[in-house]
Amino acid sequence: MGESWLPRHLKDLSMILILALGLFIASFQVVSCTDRDDAAARINAADAALKLAYHAVGDAEVSGANITELVVWLNDAGGALSGARTAMTLGNYSEALAKAAACETGANEIAAAAGELETFAVEGKPSGWMTASLSVLGSAVFTIAMFGVWRLFKRQYSKRLLESKPEVA
Amino acid sequence: MWSLDDCRHAFVAVWLVGTVALCVPSVLLYVRLPAGERFSELYILGPTHMAENYPFNVAADTSYMVYLGVTNHLGNTSYYEVQVKLRNPTEPLPNVTVHDPSSQPALYTYEVSLGDGQTWEDTLNFSFSQMSFESNDSSVGKIQVNGAMVSLNESSTWDGTNNGYYYQVFAELWVYNNADNSFMFHDRFVSLWLNMTSPV
């Protein structure tokens, strides 16, 4: 009975094995698809974050902040995004995911730093009214000072002229 | 010795210059001085970092390198994309007159942020593989750009006048438009003619 069991069930066993193999391959492909989708979604998120960071840096620049360092960081984040896209084309989804995440994190930090710089720049920037007042006040003080110096100079000039001896030709 | 009148004129001149100088910051708050011409530069240099020795005759599975550079003269920090593309002689180039980029897909994209007056430069490394030659046609199956492998379906027929199978690698400059929140073709591109030679 034991000898006759194997050939009888060999067909069933092989069917089960084929089914198991098919299931394994299918599950592997599903995992692979998920990785690809995750990486693609992360790259899109990184791209959007980088654009937001650029807007924030632009706003900081308009407010008069020094953004030199932020531009260097933006380029680093941009490089990470390009790297993520490259990894994606090579099918290296884990690397694409990591680089996109690095880009997104960097971009968020840039946006935050740009926001702080903008606040400092706006607070430290003299207002238009203040600048105009200082200009008017400065001009008035300068005019009075020049007038005073002129009067002193004229007095000294006249005194020196009166005290000078006439030249005999 | 100066006369009193000469001295008065000198004093008035100094007073005028000083007053104008003190008023300049206030005036600049309301008056915008005309800016210079605003533009961006895009350039390509050979492997020796000079405008010479550009790759021309290319073979399969051999790496070639050139430099790409961008300079920002737009008056503010700008966000650029440099898109690397490939075409054969029958496919259209970008049309800068009508601000139309090439319809070819980007093989690689550089993301570049530049402050006003700043320059960015990077290498462009590329190699071709799966090249084939049959009668008067050649085709390229894959191109690797800065490590990114991209599948292609580009073919080129024999150019009897210039004796070669010609392809053109070109880089388009795109700039981010704050108003539209999207990149726009910036009417700049540089290109490199390549002659595909025998397969390995």
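In the predicted model, the side chains of A:R85 and A:D47 come together in a salt bridge, with 3.5 Å from N to O; the term stands for a side-chain nitrogen of Lys or Arg within 4 Å of a carboxyl oxygen of Asp or Glu. This pair links distant parts of the chain, since A:R85 belongs to helix α2 (residues 68-89) of chain A and A:D47 to helix α1 of chain A, 38 residues apart. Helices here are DSSP runs of H or I with at least four residues, numbered from the N terminus. A:R85 is partly exposed because its relative accessible area is 26%, whereas A:D47 counts as buried because its value is 15%. For these words, buried means under 20% relative accessible area, exposed over 50%, and partly exposed in between, with a 1.4 Å probe and protein chains only.

A:D47 also meets A:K51 in a salt bridge, at 3.0 Å from N to O. Both of these residues lie in helix α1 of chain A, four residues apart, or about one turn of the helix. A:K51 is buried, as is A:D47. Through shared partners, salt bridges join A:D47, A:K51, A:R85 and B:E111 into one network.

A further salt bridge connects A:E104 with A:R42, whose closest N and O atoms are 2.9 Å apart. It too links distant parts of the chain: A:E104 is in helix α3 (residues 93-124) of chain A and A:R42 in helix α1 (residues 2-62) of chain A, 62 residues apart. A:E104 is buried, with a relative accessible area of 19%, while A:R42 is partly exposed at 34%. Over all chains, the count by this rule comes to seven salt bridges. Side chains of opposite charge can pair when their charged atoms come close.

Turning to chain B, a nonpolar patch on the surface is formed by B:V20, B:V24, B:L28 and B:L33, which together have about 370 Å² of accessible area. Patches consist of residues with over 30% relative accessible area and no salt bridge, joined within 9 Å for like charges and within 5 Å for nonpolar side chains (Val, Leu, Ile, Met, Phe, Trp, Tyr). The areas come from the Shrake-Rupley method with a 1.4 Å probe, and for residues only the protein chains shown count as cover.

Residues are numbered from 1 along each chain as its sequence is written, and chains are lettered from A and ligands numbered from 1 in the order in which they are written. As this is a predicted model, local features need pLDDT of at least 70 and side-chain atom pairs count only at pLDDT 80 or more, while totals for chains, interfaces and linings use all residues; side-chain values use heavy atoms, leaving out hydrogens and water.

Methods:
Helices (H or I, at least four residues) and strands (E, at least two) are DSSP runs, numbered from the N terminus.
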